[in-house]
Amino acid sequence: MMQKAKILLVDDRPENLLALEAILSALDQTLVRAASGEEALKALLTDDFAVILLDVQMPGMDGFETAAHIKRRERTRDIPIIFLTALNHGPHHTFRGYAAGAVDYISKPFDPWVLRAKVSVFVDLYVKNCQLKEQAALLRLQLEAGGAEPALGGALLGELSARLAAVEEQAEALGKQLDGVDDAGVAATAAHLERKLAGLRRALDAMRPGSA
C-alpha cells in the first residue's frame, strides 16, 4: 500500500497553520507543521515531502531565505514550493518569489478550493514519481541478475513491464487532467515525470530478447 505523501506547512502563526490543515485535510495526506524557516529546514533533513506551502513574511528567516536554502540542498531542490503571502507589492514582489524557486505565488486571502486543487496535483505527481523509483529499483535488480535462468529472467521482466504499464497509465490519466492548466511549475514537473517514464520503458524494451 502506497505510503501517504507528506506536505510541509510553514507559517509562524498557529492560526494560519490550523487553517491550512483544515483546507488540506480532505486530501488525506500527512501534514507536517513548521513554525519557522529554521524548523522547516530541520524537518527537510530527515523527511521527504511532496510539496511545501511556505509563508513569505516570517520573523528571522523569511520565506525567500528559507526557499533559497531549500533550493541549495541537493536532497530538497526539486520539491515544489508554493509561496503564501499577505503582502501585495506588485509584480516585482511576485517575481522575487518565482526567482527564489517557487512554482506558485498565492496572495492571502486565497480560495481554499484553488489551493487544495494545486496541492493535489503536486501530491499526485509525487506519488507517480515514487512508483517510478520503485520500478527503477526492480529494473536494477533485474539487470544485476543477468546470470539468472532465462525463464526466471523472462518472468521478472514481464512483471516489471506490467508494473511500469500501470504507472504509465496513471501518468497518462494525470496528464489529461492537467491539459489546459496554466501553471509552469506543474507543467515542468509533469514533463520531468514523463521523461523518466520514457527512459525506463526504453531500458526495459532494450532487455527483451532480440532487441538491438
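Which helix does Pro112 lie in? I looked it up: Pro112 lies in helix α5, residues 112-144. I am working from a predicted model.

**Entry 1**

I checked the exposure of Pro112. It counts as partly exposed, at 34% relative accessibility. Then I looked across the chain to Ala22. The C-alpha atoms of Pro112 and Ala22 are separated by 9.5 Å, although the two residues are 90 apart along the chain.

I stepped back to Pro109. I found Pro109 in the loop between β5 (104-107) and α5. Its peptide bond, from Lys108, is cis. I noted omega near -5° for that bond.

**Entry 1: the chain as a whole**

I counted elements next. The chain has seven helices and five strands. Along the sequence I read the pattern β-α-β-α-β-α-β-α-β-α-α-α.

How much of the chain is buried? I noted that buried residues make up 38% of the 212 residues. The chain exposes about 11,700 Å², and carbon and sulfur atoms supply 56% of that. Residues 24 or more positions apart account for 68% of them.

**Entry 2: strand β3**

I turned to β3, residues 51-55. Is this strand enclosed or open to the outside? Five of its five residues are buried, so β3 is largely enclosed by the rest of the structure.

I then sorted the side chains by direction. Val51, Leu53 and Asp55 point one way from β3. Ile52 and Leu54 point the other way. I recalled the general rule: in a regular strand the side chains alternate between the two faces of the sheet. Both sets in β3 are buried.

Which strands are joined to β3? I found β1, residues 6-10, joined to β3 by four bridges. These two strands run parallel. Val10 stands opposite Leu54 of β3. Strand β4, residues 81-85, is also joined to β3 by four bridges, again in parallel. There I paired Asp55 with its bridge partner in β4, Leu84.

I followed the chain from β3 to β4. It crosses through helix α3, residues 63-72, and this β-α-β crossover is right-handed.

I listed the buried residues of α3: Gly63, Phe64, Thr66, Ala67 and Ile70. How are they placed around the helix axis? Seen down the axis of α3, they fall within an arc of 160°, so they line one face of the helix.

A side-chain oxygen of Asp62 reaches to within 3.2 Å of the backbone nitrogen of Phe64.

Past the helix I stopped at Thr76, in the loop between α3 and β4. Thr76 is in contact with Leu44 and Ile70. Ile70 was already on my list of buried residues in α3.

**Entry 3: Asp28**

Asp28 has a positive phi of about 55°, although it is not a glycine. I placed Asp28 in the loop between α1 (14-24) and β2 (30-34).

Definitions and conventions. Residues are numbered from 1 along each chain as its sequence is written. This is a predicted model: local features need pLDDT of at least 70, side-chain atom pairs count only at pLDDT 80 or more; totals for chains, interfaces and linings use all residues. Side-chain values use heavy atoms; hydrogens and water are left out. Buried means under 20% relative accessible area, exposed over 50%, partly exposed in between (1.4 Å probe, protein chains only). Two strands pair if DSSP finds at least two bridges between them. A crossover is right-handed if, with the strands pointing away from the viewer, the path from the first strand over the helix to the second runs clockwise. The arc is that of the directions from the helix axis to the C-beta atoms. A polar contact is a pair of N or O atoms within 3.5 Å; within protein, one must be able to donate a hydrogen and the other to accept it, and residues adjacent in sequence count only if both atoms are side-chain atoms. Contact means heavy atoms within 4.5 Å. Accessible areas come from the Shrake-Rupley method with a 1.4 Å probe; for residues, only the protein chains shown count as cover. Lists of a residue's contacts leave out its neighbours within four places in sequence.
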